Amino acid sequence: MSDKNIKKVSSHPSQNEGLIFEHSSPGKKAYRLRQLDVPTVDAAKELGSALRGEAAALPEVSEIEIIRHFTRLSTWNYAVDYGMYPLGSCTMKYNPRVNEVVARLEGLAGAHPYQPEAAAQGVLRVMKTLADQLIEICGMDAITLQPAAGAHGELTGILLMRAYLESKGNPRKKILIPDSAHGTNPATAAMVGYEVENLPSDPSGMVDLAALEAQMNEDVAGLMLTNPNTLGIFDAQIGKIAEILHRKGGLLYMDGANMNALVGKARPGDFGVDVMHLNLHKTFSTPHGGGGPGSGPVACKKHLEPFLPKPIVVEGANGQLRLDYDRPQSVGRVRAFFGNFGMHVRALAYIMANGPDGLRQTTEDAVMNANYVRSKLAGIYDLPYATPSMHEVVFSDKLQTKNGIKTGDIAKRLIDYGFHPYTVSFPMVVHGALMIEPTESEPLEELDLFIDAMKSIAEECASEPELVKGAPHSTRLSRLDETAAARKPILRWKPETK
Amino acid sequence: MRYLPKSPAERELMLGEIGVAKVDELFAPIPAEFRLTRDLAIPPQMAESEIVDWFRERAAENANGASILLGAGAYNHYRPLVIDSLISRGEWFTAYTPYQPEIAQGTLQAIFEFQTMICELTGMEVANASMYDGSTGAAEAVMMAMRVTGRGEAILARTVHPEYREVIATYAKYQGMPLSEVGFTENGRVDLAALDKAITPQTACVLIQSPNFFGTIEDVAAIADVVHAKGALLVVSIAEALSLGIVKPPVEADIVSLEAQSFGVPLSYGGPYAGVIATREKFIRQIPGRLCGQTVDRNGKRGFVLTLSTREQHIRREKATSNICTNQALVALMVNIYMDVYGKNGLRELAEQNLAKAAYARKALGAKSKVLFEGAPRFNEFVVQTKGNAEAIRKRLLDEHNIIGGLPLKKYYPELGEASLWCATELTSKAALDAAAEEVGR
């Protein structure tokens with residue numbers, strides 16, 4: 001890498017570290033069991049032919065080696081705690097520490113899902129409080145906290161739609177999905193037995209209303225809409241969209257992935273949405289954890305409430321909370337137990353810390369940050385849609401491809417400047433997309449560093465294209481061969497002697 | 001607001017740069033009629049100390065410190081302290097799905113290790129990076145069997161966790177996948193003769209759980225023979241992962257769906273947990289969820305990437321193997337660390353302790369009540385039929401002894417009468433078991 005004035009980083013810290021199996025040596029250990037206060041048993045006698053012969057070849061290592069192994073590995077990860085992580089549609093915001101502390105309180109983290117309701121009033125109160133507040137935030141009437149993630153919430157939401165339509169006599173055949181939608185939307189519709197019909201966007205990036213009018217009929221169960229959509233554009237025709245659907249007996253599903261643009265400023269329930277999911281790991285600050293656990297509550301209007309998964313938490317006249325299983329029209333369960341309760345705790349702690357004014361300010365800052373990035377980078381990068389942006393902005397690599405450089409290359413070069421890349425090549429309606437979502441968590445200083453980096457890379461695309469194409473240069477590993485990984489998959493470690 | 005890193009002056013400056021006078025102008029795309037012009041009706045901002053207090057109060061309302069003699073899909077095992085110490089590093093919990101492998105090698109290598117450990121434990125050839133939990137994992141495994149065989153029906157053992165079966169029913173309903181159930185015999189195991197009769201040329205798979213919901217270890221090899229003779233696949237769900245420390249892995253299965261909660265994951269009132277699907281190499285193109293694979297960088301150095309993504313929703317959209325996107329990476333990391341702490345020998349010794357506790361518990365509780373399903377091996381759970389009302393016994397144990405007793409089964413298996421499902425782990429004290437035995441026998 002040439003000697004650049006890169007303000008944020010010099011190089012990523014890294015020590016070499018093998019697989020944990022490669023540290024193993026017979027007899028090393030990191031545990032000591034308790035004294036047994038009951039007689040030992042003969043496992044062979046207890047289990048007979050069900051006794052395991054050879055032990056699983058798990059590593060034999062000591063405690064310090066475990067600590068060092070996972071500490072070294074951790075330094076190979078970029079994280080929100082290091083800096084801006086502008087993955088569009090992922091809402092990589094700050095994960096407050098108090099959330100982690102309260103989720104680990106023994107009475108919450110140690111609660112068994114089948115302990116009697118009388119001895120679970122605290123956990124049920126957490127769930128009920130969160131449920132009530134999310135209902136208010138969404139402007140809906142009812143909610144389930146059971147879904148484990150966003151896509152799981154989508155599944156639940158479409159199940160609700162189907163159950164409702166069936167109760168009206170006809171589940172219908174198709175779900176309309178805009179071409180800008182997340183891949184989970186069509187995959188979900190298929191899981192609930194619906195055909196997927198593509199709905200085109202208009203030149204401004206919004207739903208093509210004429211197409212919607214033409215495609216909407218009694219065969220269509222509804223529309224799955226992300227609003228703001230994956231272009232970061234709020235579909236201003238939302239009232240009309242809902243009306244077209246409702247007029248022909250269809251339902252409007254909102255993918256709440258981009259709810260960080262709306263909280264405290266507008267409520268989906270007020271603009272005609274019948275059912276929606278939230279991603280607590282996006283909008284409500286529960287940590288992404290390297291890819292989960294998430295949580296995907298589904299909120300709905302009154303007419304869909306009878307179909308919610310069971311159980312739901314209800315409050316008796318005496319203030320006692322209980323789990324209501326007596327829901328004959330319920331779609332059933334989508335998960336064992338009650339959902340990712342640990343995430344419910346964290347999301348509620350976040351809402352408590354914010355209050356109504358904090359949530360509104362959060363949304364305003366998120367939208368302001370995206371627009372600030374947009375105003376500074378427009379022209380340097382191609383802006384395919386001039387329509388105003390909400391919480392994220394989508395550029396294309398059109399101005400850079402003339403030097404043979406694609407969005408993926410720019411993303412890799414951004415790593416050298418100390419940032420996590422934006423979302424690459426999505427949404428697919430934009431060729432060579434750069435999808436940038438700063439979130440509210442970025443200070444002005446960090447945004448300016450990011451903008452400087454993006455500008456500098458744009459210059460490099462013209463002056464030193466090979467530098468960009470070869471990036472990243474500052475990481476422990478250079479670009480990885482994904483084609484080779486897929487051609488001959490190696491999905492587990494094996495000892496060399498085997 | 002303390003999480004927002006802007007001063008009023010900075011906001012002014014930024015709005016000026018954007019070219020608007022007020023932030024509300026940025027919300028102009030939202031039609032005025034849909035804009036919220038009031039505060040959300042939620043409580044005002046709370047201080048950190050107030051938040052901690054509020055949750056401490058709630059935590060105190062949950063039978064804190066009670067002895068838990070209950071499993072049923074959620075197991076009370078000790079969590080080594082290094083787990084939370086390590087996963088509290090921001091590099092682990094504030095990162096996302098490793099879409100950019102050069103700056104996500106930590107997460108990727110940890111997943112690769114996890115996949116390896118799951119293969120070792122289950123005797124399968126490949127494992128995915130995790131599913132939401134054991135129940136949804138089982139549902140996905142059943143749908144996977146449908147894709148592999150091209151057949152459209154599934155048979156579930158009634159000894160599979162009742163809530164898992166409910167989840168599978170929800171998933172299968174609109175896949176056009178008829179489900180049927182097969183019962184159990186006197187010893188609590190799948191009724192082999194009935195199973196043999198139930199399998200048809202349309203049967204994609206048979207799902208069993210082992211140890212099953214009653215704690216009984218199924219004769220997996222015998223079931224596999226029956227299932228495979230008719231060209232169906234055998235899917236084995238394992239809810240108590242620790243059993244694999246001492247119980248023979250279900251190597252005869254075609255797909256294993258494991259709930260890994262026992263390995264260092266807090267009970268947390270039912271979640272987050274981590275499911276995982278393991279299978280044979282020949283089925284990898286049909287496996288749902290993320291897979292991590294080994295590769296090399298441009299200099300030939302070993303590294304890891306997410307791979308075989310053409311199975312997944314972001315590429316295949318409505319033709320994907322599943323709609324799953326996010327999995328349970330941080331929970332899988334806990335599981336990885338747990339397996340490192342106990343390792344090859346520790347897992348076995350720990351499982352032996354569970355076996356010993358459960359044997360004692362069965363003897364104690366069985367002294368004055370009837371332990372059901374004799375004649376087949378068990379791990380750490382068992383069913384007790386009582387003379388008295390199971391709910392009443394449970395209430396007395398809680399009120400008078402601070403013990404969370406066995407789960408009454410009448411709701412799920414009315415034919416068993418006053419029966420309840422008990423569990424003893426390494427954390428269960430002899431004293432708690434003796435006290436429970438007293439009440440159960442009353």
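Just after helix α12 of chain A, A:Gly418 takes a positive phi of about 90 degrees. Helices here are DSSP runs of H or I with at least four residues, strands are runs of E with at least two, and both are numbered from the N terminus. This is a predicted model, where local features need pLDDT of at least 70, side-chain atom pairs count only at pLDDT 80 or more, and totals for chains, interfaces and linings use all residues. Residues are numbered from 1 along each chain as its sequence is written, while chains are lettered from A and ligands numbered from 1 in the order in which they are written.

**Around α12 of chain A**

Back to the helix itself: α12(A) covers residues 407–416, and nine of its ten residues are buried, so the rest of the structure largely encloses it. "Buried" means that 20 or more other C-beta atoms lie within 10 Å of the residue's own; 12 or fewer makes it exposed, anything in between is partly exposed, and the C-beta atoms are placed from the backbone. Charged side chains are on the buried list too, including A:Asp409, A:Lys412, A:Arg413 and A:Asp416. The class rule is simple: Ala, Val, Leu, Ile, Met, Phe, Trp, Tyr, Cys and Pro are nonpolar, Asp, Glu, Lys and Arg are charged, and the others, Gly among them, are polar. What covers the buried residues includes α11 (398–401), β11 (423–424), β12 (433–436), α13 and α14 (465–469) of chain A. Contact, here and below, means C-beta atoms, placed from the backbone, within 7 Å.

Strands count as paired if DSSP finds at least two bridges between them. β10(A) and β12(A) are joined by four bridges, and A:Ser396 has A:Ala433 as its bridge partner in β12(A).

**The seven-stranded sheet**

Chain A also has an open, mixed sheet of seven strands, ordered β1-β7-β6-β5-β4-β2-β3. The edges are β1 (142–144) and β3 (195–199), each with a single partner strand, so one side of each is left without a neighbour. On average, neighbouring strands are turned by 25 degrees against each other, direction ignored. Within the sheet, β5 (251–255) and β6 (275–277) of chain A run parallel and share three bridges, with A:Met254 opposite A:Met276. Lying across β1, β4 (220–226), β5, β6 and β7 (298–300) is helix α6 (150–167) of chain A, at about 165 degrees to β6(A).

**Two helix pairs**

Axes are lines fitted to C-alpha atoms, for helices over the stretch in contact, with angles from 0 to 180 degrees between N-to-C directions.

| Helix pair | Axes come within | Crossing angle |
|---|---|---|
| α10(A) (341–377) and α13(A) (444–463) | 10 Å | roughly 30 degrees |
| α11(B) and α13(B) | 8 Å | roughly 25 degrees |

Under 35 degrees counts as roughly parallel, over 145 as roughly antiparallel, 65 to 115 as roughly perpendicular and the rest as oblique. The chain A helices are therefore roughly parallel, and so are α11(B) and α13(B). In chain A, the contact takes in A:Asn369, A:Tyr372, A:Val373, A:Lys376 and A:Leu377 of α10(A) plus A:Leu447, A:Ile451 and A:Met454 of α13(A). By class, that gives six nonpolar, one polar and one charged residues.

In chain B, B:Tyr360, B:Ala361, B:Ala364 and B:Leu365 of α11(B) meet α13(B) residues, among them B:Leu433, B:Ala437 and B:Val440.

From B:Ala364, B:Ala435 is 71 residues away in sequence but 9.5 Å away in space, C-alpha to C-alpha. Beyond its neighbours within four places in sequence, B:Ala435 is in contact with B:His401 and B:Ile403.

**Chain B and its contact with chain A**

Chain B has 13 helices and 15 strands, and 62% of its 442 residues are buried. The contact between the chains takes 169 residues from chain B and 171 from chain A. On the chain B side, helix α11 (329–366) gives the largest share, 24 residues. By class, that side has 89 nonpolar, 45 polar and 35 charged residues.

How values were computed: Contact = placed C-beta atoms within 7 Å.
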